[in-house]
Amino acid sequence: MAMTRRVVPFAEFGRQDVGRVGGKNASLGEMTAHLAAAGVRVPPGFATTADAYAELLDSHGLRAGIAAQIERLHTGAVLDEVGAAIRSMIMAEPLPAGLRAELVSTYEQLARDQGRDDPEVAVRSSATAEDLPQASFAGQQETYLNVRGPAQLLQSCHRCYASLFTDRAIDYRERMGFDHLSVALSVGVQIMVRSDLAGAGVIFTLDPESGFPEVIVVSAAWGLGETVVSGQVDPDEYTVFKPSLKDPALDPVIDVRIGAKRKKAVYGQHGLTRTADTTCEERSRRVLADAEVRLLAEWAMTVEEHYGCPMDLEWAKDGLTGELAIVQARPETVQSRRRTTTLRRCRLTATPRQSLIEGIAVGEAIGSGPVVVLDSPVDLDRFPTGGVLVTGITDPDWEPVMKQASAIVTDHGGRTSHAAIVSRELGVPAVVGTGRATEVLRDGRNATVSCAEGTRGRVYAGLLAYEERETDLTELPATRTRVMLNLADPSAAFRWWRLPADGVGLARLEFIVAHQVKAHPMALLHPERVDRHDRCAIEQLTEGHLDRGQYFIDRLAHGVARIAASRWPDPVVVRTSDFKTNEYARLLGGRSFEPVEANPMIGWRGASRYYSDGYREGFALECRALRRVRDEMGLTNVVVMIPFCRTLEEADRVLDVMAEQGLRRGEHGLKVYVMAEIPSNVILAEDFAERFDGFSVGSNDLTQLTLGVDRDSEALAHVFDETDPAVTQSIQLLVPRAHLVGRTVGLCGQRPSDDPAFTEFLVKAGIDSISVAPDSFAAVKQHVAAAELDPQRGDRTVPSGTRQPQAGMSPGDGK
């Protein structure tokens with residue numbers, strides 16, 4: 001039988017030829033043949049065929065020798081010995097003469113087409129069972145870069161053939177049930193992009209951590225892409241929002257994170273590659289400009305639409321020409337295969353002994369591990385992954401430790417403390433406000449932390465057995481009352497995209513400032529007013545930003561945009577900063593701009609700051625960031641909410657300041673809400689409703705100011721009660737007054753998550769929405785549905801003028 005072609009140019013095959021040239025090469029051929037007209041640039045090249053590989057195996061008895069070694073593996077031989085033996089057998093046999101001749105002649109033709117002698121090429125392995133939607137062999141075989149001349153080409157191709165039997169490839173095929181001799185290898189040869197002089201990276205057409213499908217994530221590092229693919233460097237990361245990408249008038253880059261990029265891969269002196277240190281300037285500088293990120297994202301979306309599934313691509317930038325190119329494309333196989341409609345729940349499977357200590361339960365999970373008692377977060381190096389963090393109280397500096405913990409226990413704090421809020425978003429169980437956990441719990445002893453037993457969280461000695469159950473989210477009931485999410489951390493926003501929530505009822509701007517910006521806005525604008533130490537720290541923090549105000553705007557806008565994108569097109573209510581003066585003072589440079597107040601809880605906070613000389617410039621930066629998210633990025637689902645607005649005059653002054661900064665209520669569909677957390681907001685509800693589009697009840701502050709109780713006082717914890725008649729009657733007064741003038745009322749406190757009876761009260765009071773922590777969503781949704789079925793409640797008509805953005809709405813609609 002006549003031998004078919006051993007080497008074929010990219011343009012002559014496509015994705016239907018996986019069995020002939022492997023998944024990787026089939027994709028290169030598909031893009032070359034079908035997507036070039038759409039502008040997707042793929043460097044030219046060629047591939048060897050499966051027939052060429054079969055010819056190699058059929059020579060000198062290789063096939064039988066490999067089969068014998070695999071049989072040894074099945075009868076108990078060690079994997080690394082079997083792999084080494086097979087690779088040695090392949091390398092010991094020369095490539096068939098016909099294959100060598102075709103490789104050299106096709107390479108020489110490629111050189112002529114490029115007008116160059118011995119052009120540098122990338123030589124990549126492409127298995128015939130690789131880069132499939134149901135399995136990915138990517139990275140299991142070898143790649144050789146900066147290969148020049150026929151001799152290096154032949155040697156690299158030979159090594160690629162042998163790499164089909166790396167230990168990891170053999171093990172993967174064993175686990176996936178693939179017959180080793182039924183998988184063939186094709187070798188792709190592609191013109192090198194001189195990214196050693198620029199940069200390269202990876203693109204995912206969904207968020208690779210959460211599977212959120214509405215973004216494209218582009219990573220980038222200096223030099224050749226192998227450092228990114230192998231995980232050697234911390235690359236830049238650019239997040240692009242797909243709906244905004246479709247409108248050329250919008251800026252779709254909703255987040256930019258600058259990675260350390262300490263290493264880069266460059267050409268070696270005598271061919272192939274080497275790793276070098278990057279310069280300080282390279283580490284702090286972006287690899288890609290926004291226009292380049294956009295172009296790569298457009299190509300990625302074109303590829304995804306062509307293939308009909310999420311994609312994982314590699315890109316490179318030529319440092320000589322400045323041109324970008326796609327050098328690989330494969331279906332994404334991790335997030336796209338995850339179940340998208342389940343929620344985890346936990347319970348102890350045996351009756352435990354007396355708890356060691358108790359406190360307020362945060363979340364509904366259970367965690368266990370060795371207790372680690374820490375006084376400060378500087379002890380991160382001694383904190384084991386999966387340990388139980390025990391400390392007095394937490395702040396943002398603790399978050400790297402908290403992310404490693406299986407559970408968190410604190411002496412102080414309540415349901416609105418930092419430890420509680422962050423642990424909810426991390427999905428880590430926490431018991432807060434225990435009083436003396438740092439004294440009772442012994443360092444190094446095993447403990448189980450249970451938040452699955454109601455509102456009280458308990459810590460037990462030892463590693464107790466528990467089970468996890470999953471809830472099918474598709475079985476959650478539909479409700480007339482909107483159930484929304486409370487979110488603060490932008491990095492965790494995509495995690496909750498699968499929840500069938502009706503939007504975000506509360507996104508806390510102050511958390512983004514504390515975590516992403518880290519400096520007081522007035523200190524950024526007036527560094528001359530801060531001490532030398534803080535001024536140096538600000539210079540280091542904002543390195544690379546000539547305009548420090550723009551630094552604040554960029555960081556804040558990116559944080560808000562991630563949260564808004566995660567729920568598009570449903571409304572996302574963003575509360576402007578509500579730090580208290582003592583909290584503002586803890587920001588970098590903040591001490592120079594904040595007074596010392598006897599009771600910051602009812603001091604200079606919220607709306608009173610926004611028009612004052614002491615903070616008006618800082619609030620202008622907040623407004624500019626929100627305007628950028630809505631008008632430039634197109635995330636018009638953002639609703640602005642003003643906290644702690646005491647008087648009608650104060651409301652008017654704040655709205656005037658917002659209008660001066662381009663945030664005018666009603667323009668471009670902008671809605672402005674007010675927090676209902678002060679008795680005056682209830683007493684003058686109709687007057688506030690003339691100025692705002694809706695109310696959001698802040699039950700913590702409303703309870704505090706109605707009952708005259710400091711909500712953070714442990715001594716008065718028994719008095720602080722959101723279900724006190726004075727508080728509930730205030731809500732019952734507010735809702736109908738707001739509805740009479742067509743305004744919505746929501747509630748964004750913690751109580752509905754902990755108390756089904758309070759949820760039932762809100763539903764019967766006619767509340768329009770309830771916003772809860774993500775881990776409480778399913779339970780609250782079910783409680784709301786049950787309350788709505790109560791015949792005593794009756795039907796409720798949603799007031800006019802409250803239509804929310806509908807599915808299919810494009811960013812920028814209504815501008």
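The largest nonpolar core of this predicted model comprises 102 residues, and those with the most contacts inside it are Ile254, Leu635, Ile642, Met658, Phe695 and Ile731. Helix H19 (residues 548–567) supplies the largest share of this core, ten residues. At least three core residues come from each of domain 2 (195–331) and domain 4 (482–789). A second, separate core holds 41 residues, among them Ile86, Val104, Leu110 and Ala184. In soluble globular proteins, nonpolar side chains tend to be buried together.

**Confidence**

- The average pLDDT of the protein is 89, and 91% of the residues score at least 70.
- Over residues 131–138 the pLDDT stays under 50, and the model has 31 contacts beyond four places in sequence for this stretch.
- Residues 793–810 likewise have a pLDDT that stays under 50, with 38 contacts beyond four places in sequence in the model.

**Domain organisation**

- The domain assignment divides the protein into domain 1 (7–191), domain 2 (195–331), domain 3 (342–472) and domain 4 (482–789).
- Between domain 1 and domain 2, the C-alpha centres are 25 Å apart.
- Contacts between these two domains involve 26 residues of domain 1 and 22 residues of domain 2.
- An unreviewed UniProt entry lists residues 476–787 as "domain: PEP-utilising enzyme C-terminal".

- Strand S26 (residues 638–642) is largely enclosed by the rest of the structure, because five of its five residues are buried.
- Val638, Val640 and Ile642 point to one side of S26, Val639 and Met641 point the other way, and all are buried.
- In a regular strand the side chains alternate between the two faces of the sheet.
- Strand S25 (residues 572–575) runs parallel to S26 and is joined to it by four bridges; Val572 has Val638 as its bridge partner in S26.
- Strand S27 (residues 672–676) also pairs with S26 in the parallel sense, over three bridges, and Val640 has Val672 as its bridge partner in S27.

- Strand S5 (residues 185–191) is mostly covered, with seven of its seven residues buried.
- Leu185, Val187, Val189 and Ile191 point one way from S5, whereas Ser186, Gly188 and Gln190 point the other way, and all are buried.
- Strand S2 (residues 45–48) and S5 run antiparallel and are joined by three bridges; the partner of Ala47 in S5 is Gly188.
- Strand S3 (residues 121–127) pairs with S5 in the antiparallel sense over seven bridges, and Val121 stands opposite Ile191.

**Selected residues**

- Thr106 belongs to helix H5 (residues 97–114). Its relative accessible area is 19%, so Thr106 falls below the 20% cut-off and counts as buried.
- Not counting residues up to four places away in sequence, Thr106 touches Val7 and Phe46.
- Glu81 is part of helix H4 (residues 79–92). With a relative accessible area of 45%, Glu81 is partly exposed.
- Glu81 and Asp167 are 86 residues apart along the chain, and their C-alpha atoms are separated by 9.0 Å.
- Ala325 lies in strand S13 (residues 324–331) and counts as buried at 4% relative accessibility.
- Beyond its neighbours within four places in sequence, Ala325 is in contact with Arg41, Pro43, Val193, Trp299, Glu314, Trp315 and Ala316.
- From Ala325 to Leu185 the separation is 140 residues in sequence and 25 Å in space, C-alpha to C-alpha.

Notes:
Residues are numbered from 1 along each chain as its sequence is written. This is a predicted model: local features need pLDDT of at least 70, side-chain atom pairs count only at pLDDT 80 or more; totals for chains, interfaces and linings use all residues. Side-chain values use heavy atoms; hydrogens and water are left out. A nonpolar core is a set of buried Ala, Val, Leu, Ile, Met, Phe, Trp, Tyr and Cys residues joined through side-chain atoms within 4.5 Å. Buried means under 20% relative accessible area, exposed over 50%, partly exposed in between (1.4 Å probe, protein chains only). Helices (H or I, at least four residues) and strands (E, at least two) are DSSP runs, numbered from the N terminus. Domain bounds come from an automatic or database domain assignment. Two strands pair if DSSP finds at least two bridges between them. Contact means heavy atoms within 4.5 Å. UniProt positions are given in the numbering used here, feature names are shortened, and annotations may be inferred rather than shown by experiment. pLDDT is the predictor's confidence in each residue, from 0 to 100.
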